[in-house]
Amino acid sequence: MSNTLSGIKIALYIAKLSNTQRTITAITNGIFVSENNAMDAKTNPDEFYAKLKTQLADTSMWPAAYLYKFIVPTDRAKAVQIEEIFDNMGAVIETKASRTGKYTSISINVKMKDPDAVIKKYKEVGLVEGVISL
């Protein structure tokens, strides 16, 4: 449990550094944690994805470029798993190790056809053990 919470804190910190304009929610092994209350905020995944779909539909014209951000424990196999999910899509993938080398951030910029396609990829990546989605 403490490793998960540490990972979430790191993910939230990295998200703050990236100056994202969206509300930051970390997704770790099916637990959705908001920036404001990392210990207690748990949301039903179906509700979360329904809200995300609405927000995506309301804020973008589709197809559109979408930036995914993930944090994984540093393990090349996990990064490769995530990269393969976006294989043959024309995705631009950037990775960066944390200062201590314990975690790796993965940013993926890719053109998606609609909000459903965005959510489908989040769900696929969510199957990678230890991944935190921002």
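Glu124 counts as partly exposed, at 27% relative accessibility. Its salt-bridge partner is Lys121, with the closest N and O atoms 3.8 Å apart. This is a predicted model.

**Salt bridges**

- The count comes to three salt bridges.
- Lys121 and Glu124 both lie in helix α4. They are three residues apart, about one turn of the helix.
- Lys121 is buried, with a relative accessible area of 12%. That value falls under the 20% limit for buried residues, whereas the 27% of Glu124 makes it partly exposed.
- Asp116 and Lys53 form another salt bridge through their side chains, at 3.0 Å from N to O. This pair links distant parts of the chain. Asp116 sits in helix α4 and Lys53 in helix α2 (residues 45-59), 63 residues apart.
- Asp116 is partly exposed at 42% relative accessibility. Lys53 is also partly exposed, with a relative accessible area of 37%.
- Arg76 meets Glu83 in a salt bridge, 3.2 Å from N to O. Arg76 is exposed, at 54% relative accessible area. Glu83 is partly exposed, at 21%.

**Helix α3**

- Helix α3 spans residues 76-85. Its buried residues are Lys78, Ala79, Ile82 and Ile85.
- Which elements do the buried residues of α3 pack against? They pack against β3 (64-73), β5 (103-112) and α4 (115-125).
- Asp75 caps the N-terminal end of α3. One of its side-chain oxygens lies 3.0 Å from the backbone nitrogen of Ala77.

**Helix α4**

- Buried residues in α4 are Pro115, Ala117, Val118, Ile119, Lys121, Tyr122 and Val125.
- Their packing partners are α2, β3, α3, β5 and β6.
- At the start of α4, a side-chain oxygen of Asp114 reaches to within 3.2 Å of the backbone nitrogen of Asp116. The side chain of Asp116 also takes part in the salt bridge to Lys53.

**Strand β3 and its partners**

- Is β3 largely enclosed or open? Seven of its 10 residues are buried, so β3 is largely enclosed by the rest of the structure.
- β3 pairs with β5 in the antiparallel sense, over 10 bridges. Within this pairing, Ile71 has Ser105 of β5 as its bridge partner.
- β3 also pairs with strand β6 (residues 132-133). This pairing is antiparallel too and runs over two bridges. Here the bridge partner of Phe70 is Ser133 in β6.

**The largest nonpolar core**

- The largest nonpolar core holds 23 residues. Tyr68, Phe70, Ile82, Phe86, Ile108 and Tyr122 touch the most other members.
- Elements giving two or more residues to this core are α2, β3, α3, β5 and α4.
- The largest share comes from α4, with five residues.
- In soluble globular proteins, nonpolar side chains tend to be buried together.
- Phe86 touches Tyr68, Phe70, Ala91, Ile108, Val110, Lys121 and Val125, leaving aside residues up to four places away in sequence. Among these, Lys121 is the buried lysine of α4 that forms a salt bridge with Glu124.

**Backbone features in loops**

- The peptide bond from Trp62 to Pro63 is cis, with omega near 0°. Pro63 is in the loop between α2 and β3.
- Asn88 has a positive phi of about 60°, although it is not a glycine. Asn88 lies in the loop between α3 and β4 (92-97).
- Asn88 counts as exposed, at 75% relative accessibility.

Methods: Residues are numbered from 1 along each chain as its sequence is written. This is a predicted model: local features need pLDDT of at least 70, side-chain atom pairs count only at pLDDT 80 or more; totals for chains, interfaces and linings use all residues. Side-chain values use heavy atoms; hydrogens and water are left out. Buried means under 20% relative accessible area, exposed over 50%, partly exposed in between (1.4 Å probe, protein chains only). Helices (H or I, at least four residues) and strands (E, at least two) are DSSP runs, numbered from the N terminus. Contact means heavy atoms within 4.5 Å. A polar contact is a pair of N or O atoms within 3.5 Å; within protein, one must be able to donate a hydrogen and the other to accept it, and residues adjacent in sequence count only if both atoms are side-chain atoms. A salt bridge is a side-chain nitrogen of Lys or Arg within 4 Å of a carboxyl oxygen of Asp or Glu. Two strands pair if DSSP finds at least two bridges between them. A nonpolar core is a set of buried Ala, Val, Leu, Ile, Met, Phe, Trp, Tyr and Cys residues joined through side-chain atoms within 4.5 Å.
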